[in-house]
Amino acid sequence: MAAFGTLTLLIALVVATYSGVISLIGARRGNRRFIESGRAGVYALAGVLGLSSVALIYAFVTHDYSIKYVQHYSDSSSPLFYQITAYWGGLDGSILWWVFLLSVFSAVAVYTNRHRHRELLPYVVVVLMAIADFFLYVIIFHKNPFDTFLTDVPTTGKGLNPLLQNAYMVTHPPSLYTGFVGMSIPFAFGLAALISGQLDDAWIASVRKWTLGAWFFLSMGLTLGMLWAYEELGWGGFWGWDPVENAGFLPWLTATAFLHSIMIQERRGMMKIWNVTLIILTFFLTIFGTFMTRSGIVQSVHAFGQDTKLAWIFTIFMVTTLIVSFGFVIKRMPELRARTTFDSWLSREAAFTVNNWILLFAAFFIMFATMFPTLSDALLGERITVGPPFFNKWMVPIGLVLLFLTGVGPGIAWRQATPSHLRYQFTWPLCAAVATIALCAAVGLQTSWAAVLCFGFCAFTTTTIAQEFARGIAIRKRNTGSDAVSAVLGMVLKGKRRYGGYIVHVGIVLMFIGFTGTPLLKSDKATTIETFGTFIHTYKFDEAVRFYLRRTGSSSSSMRPIATRFTASSVRSRGPGATSCSRSSMRRGIGLVSPIVSHVTRPLRSPS
């Protein structure tokens, strides 16, 4: 099976290279046969990589421990679904999963657009196959999941990391990867438009659908990841600003900006340069996120381990991507310039633009702060840790402004909002915000200005959206004579984009309520990272450690390094204060203690 898997990878590399080259030649010469041949190569690539995936899953299910990757990430006692999901449980398999998804998405995108964008599609194939070639090169020559033991083949497997033995392993990685890989399609169309010079708005519709789908799965992946981390790692709260969490959040921010700004391009023919820039940055950040988790350049419980050679390979690819992409942006700059400008800063397009600026600033701020420990280590020789307080200090104001704009955007007019229009749209939302702020002050929340403003802005945004629905229902009932339920259904089905966006905004409001309410309701407790911060290189295994201390009667002052005392027998026992959830988590996590917990100290301070 190992030989078959490696053979399929080699064939895939040849097919991807052929498809990209023949499509480029066909586009340059105007040869339809070459273009069709390149398109067929895309379909073939999906089939070949499908065989590679089947081969790897079959090796897991049949316990073929001659394959190093299988032996490292599975064992015969694991349930079947853990053996299958081990496919993406390690570095080598996850890269194969990445390129397999890319091949499938490429085939779907090419097939659905085969009768449209005829001048554009060959270059789309060239870009997608270049990305596939990069990942196939990484797999075949550096991280081959089909590598075998040359001698002394093990008879048992090491098993999947206990942290990964969770139901979210089935849903979180596929969702996140679907979001990451899905962003390759808009990038390919955008770069193909720049290369071919087909810069009209015709391709935007296809790009928008793919971006929206990828954005949805990325959102689902981030949410499932939060739930997984909350349950498995005991972080508490809603977000730990872990480097790998941030890696998934970065492209979500720029994709959100793009989904708003393309509405301006569709309606006003503006912001073409800005939109292609956002497409490029979103794809770049998906590769950057993949680079962070797989190169070991950042320290995280999610990371796959340090690999300097792989880090350099990804760095070269990212730099090449930026140079080529922005090189074409500069070349096409005269054709991309808008022929119209803003009529007023009191307009929906202006609100969307400010929203875009803030989202982009947030993305680069998070990226810089996430990489700060690595940069300080490289430049100063000292790894300075940036923790959640630092992120929260800066991101809370940014989040509040975005929340406010979430309420302003749906209500303000295009081109220019008149004073009468502003009064008509925002009188009730402002009254709701003021009333909510007064209520928060009355119940004693005035000590947290951010919480008060957040609840006020949530009321403002919710009222704006409710007002839009109420007015739309009233108009539809008057025009059609239907009842309220039929009016709602007809209105939403007719204006899917508009009202779908409003529903998403309501979801954002609910998340902000959760963000604000969690710290207010949570009492401060001593956590592992506070008590044993110099000993533990991970996040809050507080329940496990406190349970151990209670059971043994030990104190923190007399406790030797936890790595030498945390035994399987200690966590299998019941003890006072241990919940069923914490006991379950400890039993799952005991196999992970020795590789994660150590007694080596490290500096824990924020940048000045």
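Helices α2 and α6 cross in a left-handed manner, a crossing being left-handed if the near helix is turned anticlockwise from the far one by less than a right angle, and right-handed if clockwise. The model is predicted, so local features need pLDDT of at least 70 and side-chain atom pairs count only at pLDDT 80 or more, while totals for chains, interfaces and linings use all residues. Residues are numbered from 1 along each chain as its sequence is written, and side-chain values use heavy atoms, with hydrogens and water left out. Helices (H or I, at least four residues) are DSSP runs numbered from the N terminus.

The axes of α2 (residues 32–61) and α6 (residues 121–141) come within 10 Å and cross at roughly 35°. Axes are lines fitted to C-alpha atoms, for helices over the stretch in contact, and angles run from 0 to 180 degrees between N-to-C directions. In contact (heavy atoms within 4.5 Å) are Ile35, Gly38, Arg39, Val42, Leu45 and Leu49 of α2 with Leu121, Pro122, Val125, Met129, Ala132 and Leu136 of α6. This contact has 10 nonpolar, 1 polar and 1 charged residues; Ala, Val, Leu, Ile, Met, Phe, Trp, Tyr, Cys and Pro count as nonpolar, Asp, Glu, Lys and Arg as charged, and the others, Gly among them, as polar.

Helix α8 (residues 184–196) and helix α12 (residues 308–331) have axes that come within 8 Å and cross at roughly 50°. α8 is therefore oblique to α12, since angles under 35 degrees count as roughly parallel, over 145 as roughly antiparallel, 65 to 115 as roughly perpendicular and the rest as oblique. The crossing of α8 with α12 is left-handed. Phe187, Leu191, Leu194 and Ile195 of α8 meet Thr321, Ser325, Phe328 and Val329 of α12. The contact comprises 6 nonpolar, 2 polar and no charged residues.

Helix α14 (residues 348–380) packs against α15 at about 160°, with the axes 10 Å apart. The two helices are therefore roughly antiparallel. Their contact has 20 nonpolar, 4 polar and 1 charged residues. In α14, a kink of about 50° lies at Phe372, shortly before the proline Pro373; the bend at a residue is the angle between axes fitted to the seven residues ending there and the seven starting there. Just after α14, Gly381 takes a positive phi of about 75°.

Helix α15 (residues 388–411) has 24 residues and reaches 34 Å from its first C-alpha to its last, close to the 34 Å expected, the expected span being 1.5 Å times one less than the number of residues. A kink of about 35° lies at Met395 in α15, shortly before the proline Pro397.
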